[in-house]
Amino acid sequence: MANPVTVDFPRNFTKALNDGQLRRNLRAAMDTLGLRRRNLFSDPEAFEQLRARGDAIRRRALSKLPQLLEQLERKCTENGIQVHWAETPDEANRICLEIMQRHNATRVIKGKSMVSEEMHLNHFLEERGIEALETDLGEYIIQLDHETPSHIIVPAIHKNRDQIARLFHEKIPNTPYTEVVEELNAIARKILREKFFAGEVGVSGVNFAVAETGTLCLVENEGNGRMCTTAPPVHIAVMGLEKVVERLEDVPPLLRLLTGSATGQLITTYFNMISSPRKPDEKDGPKEVHLVLLDNGRTQIWADPELRQTLKCIRCGTCLNHCPVYTRLGGHAYGYVYPGPIGSILTPQLEGLENAGAMATASTFCGACEEVCPVKIPIVDILRRLRIEAYNKVDSPHAVKGHGYKVNAMESLTWKGWALSNATPWVNALNAKLLGLLGPQLPRLPAPDIVKKWTQSRTLPKFASKSLHVLAKEKGLSDE
């Protein structure tokens, strides 16, 4: 990512767990989202068939990813959409900036886009004197509070109505305090409508890009996405290169899975299909459409057959809603753009295990995320792979970036000794005898850090004075 960050996970987790208001807010929101999803997918057999179809579509698209991306570029270009390739977030940011500067833009209106969060686009533009206003209501709320999204689908899920009312009253000039939802919506709508008229460039994400037709699909509920992509004269769409699908007919099942899993909706209020800039006989729409395709390590992830399944994600966020860790911490505790189970497998691969490997430990392995994932991503298996590679130097071009960052001489020596002891009977017998004699003294001896951390929440086992083999021999039993 553009700006590597250092995240203090223990501090973040402790702070989140001690925030009672945050936990109440999350509980109420998760219960609602979970109930809606269960009601929509109330037929288990039909849902499994739909999941299987979604999984197959995403697998097929990823199996042909290089060809589909080339086809997408070709079709988009034929349609008049200008396609740009960016290997890093910094490169993607500079492409966006160059387009905006070419049009002397100083005000940008944005629809919801997790890839733009991955690029830290707002911060990048603000440093260069360009105002980037979030127009999705949730994104607008957290932007007012100088926060980042805490959920992939519901960015302000950590706030309740009272907190939003106070925020509007304090941050928006001449705004009376009100907790009435309709009045709060009206306040935001009035401000955002004025901004839509003033926006010189619109920025959006992409939910699905259809290689067959060069169509960019955008899913939303508020109409702000449509305004961002039609009102300004220039539209820039940013997307991770895994969002491509092969055919137009692939979109309906994926859309059903996305909206049903995310918010329990059969379909969202708005579904935009952008295939070109404004044509000569059309009265509205942008005069220029740009598509920025971001790699940022996705090619490396794609190269490994197991890790590639991470890229099947359609960003519905349902794994967050059902994760016992996320639902108690919220997204900010993770410290990175993508939180929850999907963030815990995607972020370490994008950022490197040495930076974000701790996220892979924020899981109970309960498997709830896999059970609800609409495209059957094997999240637990990938989490396990990341944890293993954190402790192992892997001699493979497909190794996860930062593999082996937890390797240390003391731990390696300990495990080699453990393996030797269990593979050599006389060494095992000697160890058992020594532990029987010296074991009771261990709690009084200075312990290495790794043992101290282990015993912070666990009781050090008591070693028996005699091993089972010795006790069996004393009773005249065979120890074979």
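Is D145 buried, partly exposed or exposed? D145 is partly exposed, with a relative accessible area of 26%, where buried means under 20%, exposed over 50% and partly exposed in between (1.4 Å probe, protein chains only).

The structure is a predicted model: local features need pLDDT of at least 70, side-chain atom pairs count only at pLDDT 80 or more, and totals for chains, interfaces and linings use all residues. Residues are numbered from 1 along each chain as its sequence is written, and side-chain values use heavy atoms, with hydrogens and water left out.

Helices (H or I, at least four residues) and strands (E, at least two) are DSSP runs, numbered from the N terminus. Strands are taken to pair if DSSP finds at least two bridges between them. An open sheet is formed by 6 strands. Their order is β1-β10-β7-β4-β2-β3, and the pairing is parallel. The edges are held by β1 (82–86) and β3 (131–134). Each has a single partner strand, so one side of each is left without a neighbour in the sheet. On average, neighbouring strands of this sheet are turned by 25 degrees against each other, direction ignored. Axes are lines fitted to C-alpha atoms, for helices over the stretch in contact, and angles run from 0 to 180 degrees between N-to-C directions.

Strand β2 (residues 107–110) runs parallel to β3 and is joined to it by 4 bridges. R107 has E131 in β3 as its bridge partner. Helix α10 (residues 181–198) lies across β2 and β3. Its direction is at about 135 degrees to β3. Contact here means heavy atoms within 4.5 Å.

Another open sheet has 4 strands in the order β8-β5-β6-β9, with mixed pairing. Its edge strands are β8 (244–245) and β9 (270–274), each pairing on one side only. Strands β5 (residues 208–210) and β6 (residues 215–220) run antiparallel and are joined by 3 bridges. V210 stands opposite T215 in β6. Helix α12 (residues 251–263) lies across β5, β6, β8 and β9. It runs at about 180 degrees to β5.

A search of the whole structure finds 28 salt bridges. A salt bridge is a side-chain nitrogen of Lys or Arg within 4 Å of a carboxyl oxygen of Asp or Glu. One of them pairs the side chains of K159 and D145 at 2.7 Å, N to O. Both residues lie in the loop between α8 (137–144) and α9 (161–171), so the pair ties together parts that are 14 residues apart in sequence. K159 counts as buried, at 15% relative accessibility.

The side chains of D304 and R385 meet in a salt bridge of 3.0 Å, N to O. D304 is in the loop between α13 (298–303) and α14 (318–321), and R385 is in helix α19 (residues 379–390), so this pair ties together parts that are 81 residues apart in sequence. D304 is buried, with a relative accessible area of 7%. R385 is buried as well, at 17%. Elsewhere, salt bridges that share partners join R60, K64, E246, R247, E249 and D250 into one network.

R102 and E98 form a salt bridge within a helix, at 3.8 Å, N to O. Both lie in α5 (residues 89–102), 4 residues apart, about one turn of the helix. R102 counts as partly exposed at 46% relative accessibility. E98 counts as partly exposed at 48%.

In soluble globular proteins, nonpolar side chains tend to be buried together. A nonpolar core is a set of buried Ala, Val, Leu, Ile, Met, Phe, Trp, Tyr and Cys residues joined through side-chain atoms within 4.5 Å. The largest such core has 106 residues. Those with the most contacts inside it are L72, M100, I236, L291 and I377. Residues up to four places away in sequence aside, I377 touches Q309, T310, K312, C313, I342, I345, E370 and I382. A second, separate core of 19 residues includes I142, L144, A156 and A188.

Q349 lies in helix α16 (residues 340–351). At 6% relative accessibility, Q349 counts as buried. Apart from neighbours within four places in sequence, Q349 is in contact with I301, L307, T310, I382, L386, V400 and K401. S465, by contrast, is exposed, with a relative accessible area of 60%. S465 is found in the loop between α22 (449–455) and α23 (468–474).
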